[in-house]
Amino acid sequence: MIKFFFKWAFRLFIAAVALVVVAIVVLLLSYNSILRVIIEHNIRAQTGMDAEIGSVNFALTAPTIHIQNFKLYNSRDFGGTPFLDIPEIYVEYDRAAFMRQEIHVTLMRFNLGELDIVKNQAGQTNIFALGLSAPAKKSGGGQPAINFKKQTGYDFTGIDVLNVSIGKLKYIDLKNPQDNREQTVGIENCVMKNVKSPGDLAGLGLLIGLRGGDFFTSLVGQKSSGLEILKLLGK
């Protein structure tokens with residue numbers, strides 16, 4: 001009887017170990033899919049906007065994150081229309097800095113395929129509505145970094161190399177569709193180094209303004225500087 005009991009217990013133990021191994025293998029094979037669902041859920045919970053992500057690859061053996069085919073949709077206040085279409089976000093980060101609660105990005109590729117600026121029936125514009133819901137910023141140098149620390153618990157120390165591509169911009173007026181228009185920007189692989197604040201992106205903003213022609217001028221009612229373009233885009 002004792003011999004039978006130990007034999008049964010041993011088989012149960014082996015079965016449990018096999019189950020754990022299978023569970024670990026399934027988790028390793030599917031954790032990126034789980035992470036994708038979690039990200040989509042969190043975006044919905046925090047912004048009220050639906051998100052679709054084609055794939056997320058958070059590497060276990062290398063400090064890299066690769067997100068493909070990210071799409072963000074406006075809330076019902078803006079008709080549930082598209083907002084952002086981002087074919088790729090690729091990030092390489094400093095793992096040692098991350099362990100010190102610092103975000104130090106060594107390389108970032110950001111491909112914005114399309115940005116849709118939407119004006120709803122009440123005359124509100126989606127990017128300005130998002131700005132109103134963001135935490136208020138006090139004046140003074142370094143404040144964006146302080147806000148990042150407060151929101152995430154991590155210090156942002158900068159991006160060594162930022163590679164940006166931008167496809168096209170759309171303006172959609174839900175009340176007056178005749179005012180709808182779009183503009184191809186066509187920026188490919190614009191490389192900037194040592195990006196630590198929005199001011200470091202002023203050159204990109206100026207380039208967007210030049211490529212955008214009258215698109216932004218008609219939105220803000222005057223000729224826009226690089227920083228004004230960045231503010232308009234919610235940077």
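Trainee: Let's start with Phe98. Is Phe98 buried, partly exposed or exposed?
Mentor: Phe98 is partly exposed, at a relative accessible area of 34%. Keep in mind that this is a predicted model.

Trainee: OK. How many aromatic pairs does the structure hold?
Mentor: There are 2 aromatic pairs. In one of them, the rings of Phe98 and Tyr154 have centres 5.0 Å apart and planes at 20°, so that pair is stacked.

Trainee: Where do Phe98 and Tyr154 lie?
Mentor: Phe98 is in helix α2, residues 95-99. Tyr154 is in the loop between α4 (143-152) and β5. The pair therefore ties together parts that are 56 residues apart in sequence.

Trainee: Which residues make up the ring cluster?
Mentor: Tyr93, Phe98 and Tyr154, linked by ring pairs.

Trainee: Switching to the sheet. What is the strand order?
Mentor: The order is β1-β2-β3-β4-β5-β6. Those 6 strands form an open sheet with mixed pairing. The edge strands are β1 and β6, and each pairs on one side only. From one strand to the next, the twist averages 5°.

Trainee: How do β1 and β2 run relative to each other, parallel or antiparallel?
Mentor: Antiparallel, with 7 bridges joining β1 (residues 51-58) to β2 (residues 64-73). They form a hairpin, with 5 residues between the two strands.

Trainee: Now the inside. How many residues are in the largest nonpolar core?
Mentor: That core has 34 residues. Phe70, Leu162 and Met192 have the most contacts inside it. At least two core residues come from each of β1, β2, β3, β4, β5 (155-173), β6 (181-195) and α5 (202-212).

Trainee: Which element gives the most?
Mentor: β5, with 6 residues. As a rule, nonpolar side chains in soluble globular proteins tend to be buried together.

Trainee: What does Met192 touch, leaving aside its neighbours within four places in sequence?
Mentor: Asp160, Val161, Leu162, Val164, Leu201 and Leu204.

Trainee: On to charges. What is the salt bridge count?
Mentor: The count is 7. One of the bridges joins the side chains of Glu88 and Arg109, at 3.0 Å from N to O. Glu88 is in strand β3 and Arg109 in strand β4, so the pair ties together parts 21 residues apart in sequence.

Trainee: Is Glu88 buried or exposed?
Mentor: Glu88 counts as buried, because its relative accessibility is 19% and the cut-off for buried is under 20%. Arg109 counts as partly exposed, at 29%.

Trainee: Which residue forms a salt bridge with Glu102?
Mentor: Arg100, with the closest N and O atoms 3.3 Å apart. Glu102 counts as partly exposed at 23% relative accessibility.

Trainee: And where does Glu114 come in? Which side chain meets the one of Glu114 in a salt bridge?
Mentor: That is Lys168, at 3.9 Å from N to O. The pair links distant parts of the chain, with Glu114 in strand β4 and Lys168 in strand β5, 54 residues apart. Glu114 is buried at 14% relative accessible area, while Lys168 counts as partly exposed at 26%. Glu114 and Lys168 are also linked with Lys170 and Glu182 in a network of salt bridges.

Trainee: Last one, Thr125. Where is Thr125 placed?
Mentor: In the loop between β4 (102-119) and α3 (126-133). Thr125 is buried, with a relative accessible area of 15%. Not counting residues up to four places away in sequence, Thr125 touches Phe78, Ile117, Val118 and Lys119.

Technical notes: Residues are numbered from 1 along each chain as its sequence is written. This is a predicted model: local features need pLDDT of at least 70, side-chain atom pairs count only at pLDDT 80 or more; totals for chains, interfaces and linings use all residues. Side-chain values use heavy atoms; hydrogens and water are left out. Two strands pair if DSSP finds at least two bridges between them. Helices (H or I, at least four residues) and strands (E, at least two) are DSSP runs, numbered from the N terminus. Buried means under 20% relative accessible area, exposed over 50%, partly exposed in between (1.4 Å probe, protein chains only). Contact means heavy atoms within 4.5 Å. A nonpolar core is a set of buried Ala, Val, Leu, Ile, Met, Phe, Trp, Tyr and Cys residues joined through side-chain atoms within 4.5 Å. Rings of Phe, Tyr and Trp (its six-membered ring) pair if their centres lie within 6.5 Å; planes under 30 degrees apart count as stacked, over 60 as edge-to-face and the rest as tilted. A salt bridge is a side-chain nitrogen of Lys or Arg within 4 Å of a carboxyl oxygen of Asp or Glu. Axes are lines fitted to C-alpha atoms, for helices over the stretch in contact, and angles run from 0 to 180 degrees between N-to-C directions.
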